[in-house]
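Hi everyone, thanks for making time.

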Amino acid sequence: MAILFISFLSMIAAELPVYHYQMMPLRRAQSGSCTEEELRRAYLRTHQLPMLTVIRIMGPHLFGVSIPALSLSAWAIAHGDLNLPSTDLLSAAVGAILVSAMHALIEYFLAADAVSPMLETLIETGAKRGIILSLEGRILISLRMKLIISLVLLGVFPLILFTLANEIRLAQQNTVFAAGYWQWVVLILVVSVAISIFGAILLWKNILKPMELLQKSLREIEQGRMDKAVPDPFSDEFSRLIAGMNHMRKGLLERDRVNASLVESYFATLATALDARDPYTAGHSLRVAHYACTIAELTGESPLFIDRVKRSALLHDIGKIGVRDDVLLKPERLTSEEFEQIKKHPALGEEILKQVQPEEAMAPLLPGVRSHHERYDGRGYPDGLAGEHIPKLGRIIAVADAFDAMTSDRPYRLGMDKKAALQILREGAGIQWDPFYAEVFLEWAQARWTREVMFDLTAATKLQS
């Protein structure tokens with residue numbers, strides 16, 4: 001009893017300082033004057049507490065008891081105050097390590113459960129101060145390690161304790177079985193450890209596969225690829241998780257569809273509102289968007305780029321909102337001064353769209369809005385860019401805009417015949433317009449309107465007959 005009492009006191013003396021040191025960040029975080037760094041340190045320390053509990057049990061807790069107990073017991077045996085074989089001290093030392101390991105395993109999971117309310121409190125405290133507390137995917141101890149260690153401890157250590165107890169009992173009885181005892185014990189322990197590790201690995205692989213599927217699905221969602229459902233070959237709780245993931249995918253797809261529809265409506269409404277200012281240009285932005293997208297599709301551009309072409313073309317004349325009505329709606333030809341006012345609309349349109357939030361949503365469209373009146377020979381406006389220095393969006397929209405402008409009626413002139421407008425495009429390719437995009441549009445337009453004329457002639461012939 002004296003040995004146990006002294007050992008218990010030494011354990012407390014060794015463990016308490018370590019415990020107070022481990023808890024120090026949490027105590028600082030509880031004060032109203034803690035800094036952001038102290039709050040983040042407390043959050044990390046709370047996550048670390050289960051593992052620190054294991055270290056504390058396997059360190060000062062174990063050695064604070066076992067070293068004094070073993071030392072005092074050895075001294076008592078040497079002085080004849082304890083009637084025990086000295087070999088029992090070795091068994092006691094091994095048994096203490098095993099019991100501490102089992103104790104640490106249980107305390108790990110109890111501590112992991114106990115820190116949850118503490119973490120919630122710290123997160124709420126941080127949120128009130130505008131601080132987001134998160135490990136951001138950092139893994140302090142892997143699930144694989146927890147599974148293997150737990151299964152080995154639960155499967156093998158009780159067996160070792162039982163083996164030690166039997167060895168002591170057999171040694172006391174001095175039976176013939178004691179002689180070959182450890183040969184069988186070692187064989188059984190080796191087999192047991194191998195089975196436990198193998199079982200832990202199989203269990204881990206069984207858990208790892210659905211986890212990898214879920215992680216892959218999350219990465220796809222993050223990248224915007226939500227059209228493919230997660231396969232579900234599982235019959236345990238992971239099946240419910242995957243079903244929830246697929247349900248979430250469907251919800252996100254529907255939300256994106258609605259958002260895309262709203263965005264398309266937004267751009268079309270802006271373009272229609274702009275065209276409504278001038279009855280002679282009604283539908284101009286929609287037609288320019290159609291022609292520009294056709295050019296982009298025929299040149300093999302990506303769907304993302306084609307979408308940018310469409311939106312930029314719809315808003316390419318948005319800067320005309322800032323042009324006075326007496327200039328924009330003038331029925332006669334513009335004077336030089338009035339034309340200078342009109343020439344400001346590309347740069348003004350860019351400035352208007354820069355005010356739309358979020359900025360990154362409009363940024364890809366700005367080059368087309370600003371540069372759709374640049375000329376391939378460098379004599380355009382507002383920047384006088386030439387050739388390949390003109391953004392691709394601007395070069396494509398310039399061709400579409402010019403063709404629709406030439407074929408649309410104006411107060412001071414009627415729209416050109418399509419054939420005449422195409423001839424002007426052909427003559428200006430490489431001078432006013434990008435020769436590549438002009439040629440692509442010319443081939444498409446000629447093929448399209450040739451088919452339309454043939455269809456009209458066929459229809460007229462049938463009607464006459």
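I'll start with some helix pairs, then go to the core, and end with a peptide bond. Keep in mind that this is a predicted model.

Okay, let's begin at the start of the chain. Helix 1 covers residues 2–30 and helix 2 covers residues 36–78; their axes come within 8 Å and cross at roughly 170°. An angle over 145 degrees counts as roughly antiparallel, so helix 1 is roughly antiparallel to helix 2. What sits in that contact, by class? There are 20 nonpolar, seven polar and six charged residues where helix 1 meets helix 2.

Now slide along to helix 3, residues 87–128. Its axis and that of helix 2 come within 8 Å, crossing at roughly 160°. That makes this pair, helix 2 and helix 3, roughly antiparallel too. The crossing here is right-handed. As for the residues in the contact of helix 2 with helix 3, we have 28 nonpolar, nine polar and one charged.

Next, further down the chain. Take helix 8, residues 303–314, and helix 14, residues 392–407: they pack at an angle of about 60°, and their axes are 10 Å apart. So these two, helix 8 and helix 14, are oblique to each other. Their crossing is right-handed. And who makes the contact? From helix 8 it's Phe305, Arg308, Val309, Ser312 and Ala313, and from helix 14 it's Lys392, Leu393, Ile396 and Ile397. Sorted by class, that's six nonpolar, one polar and two charged.

The largest nonpolar core has 42 residues, and the ones that touch the most other members are Val309, Phe403, Leu422, Leu425 and Phe441. Several elements give two or more residues to this core, including helix 6 (237–276), helix 7 (284–298), helix 15 (418–428) and helix 16 (435–464). Which helix gives the largest share? That's helix 14, with nine residues.

Let's zoom in on Leu422. Leaving out residues up to four places away in sequence, Leu422 touches Phe403, Phe441, Leu442, Ala445, Gln446 and Trp449.

One last stop. Most peptide bonds are trans. But have a look at Tyr381 and Pro382: they are joined by a cis peptide bond, with omega about 10°. And where is Pro382? You'll find Pro382 in the loop between helix 13 and helix 14.

That's it from me, happy to take questions.

How values were computed
Residues are numbered from 1 along each chain as its sequence is written. This is a predicted model: local features need pLDDT of at least 70, side-chain atom pairs count only at pLDDT 80 or more; totals for chains, interfaces and linings use all residues. Side-chain values use heavy atoms; hydrogens and water are left out. Axes are lines fitted to C-alpha atoms, for helices over the stretch in contact, and angles run from 0 to 180 degrees between N-to-C directions. Helices (H or I, at least four residues) and strands (E, at least two) are DSSP runs, numbered from the N terminus. Angles under 35 degrees count as roughly parallel, over 145 as roughly antiparallel, 65 to 115 as roughly perpendicular and the rest as oblique. A crossing is left-handed if the near helix is turned anticlockwise from the far one by less than a right angle, and right-handed if clockwise. Contact means heavy atoms within 4.5 Å. Ala, Val, Leu, Ile, Met, Phe, Trp, Tyr, Cys and Pro count as nonpolar, Asp, Glu, Lys and Arg as charged, and the others, Gly among them, as polar. A nonpolar core is a set of buried Ala, Val, Leu, Ile, Met, Phe, Trp, Tyr and Cys residues joined through side-chain atoms within 4.5 Å. Buried means under 20% relative accessible area, exposed over 50%, partly exposed in between (1.4 Å probe, protein chains only).
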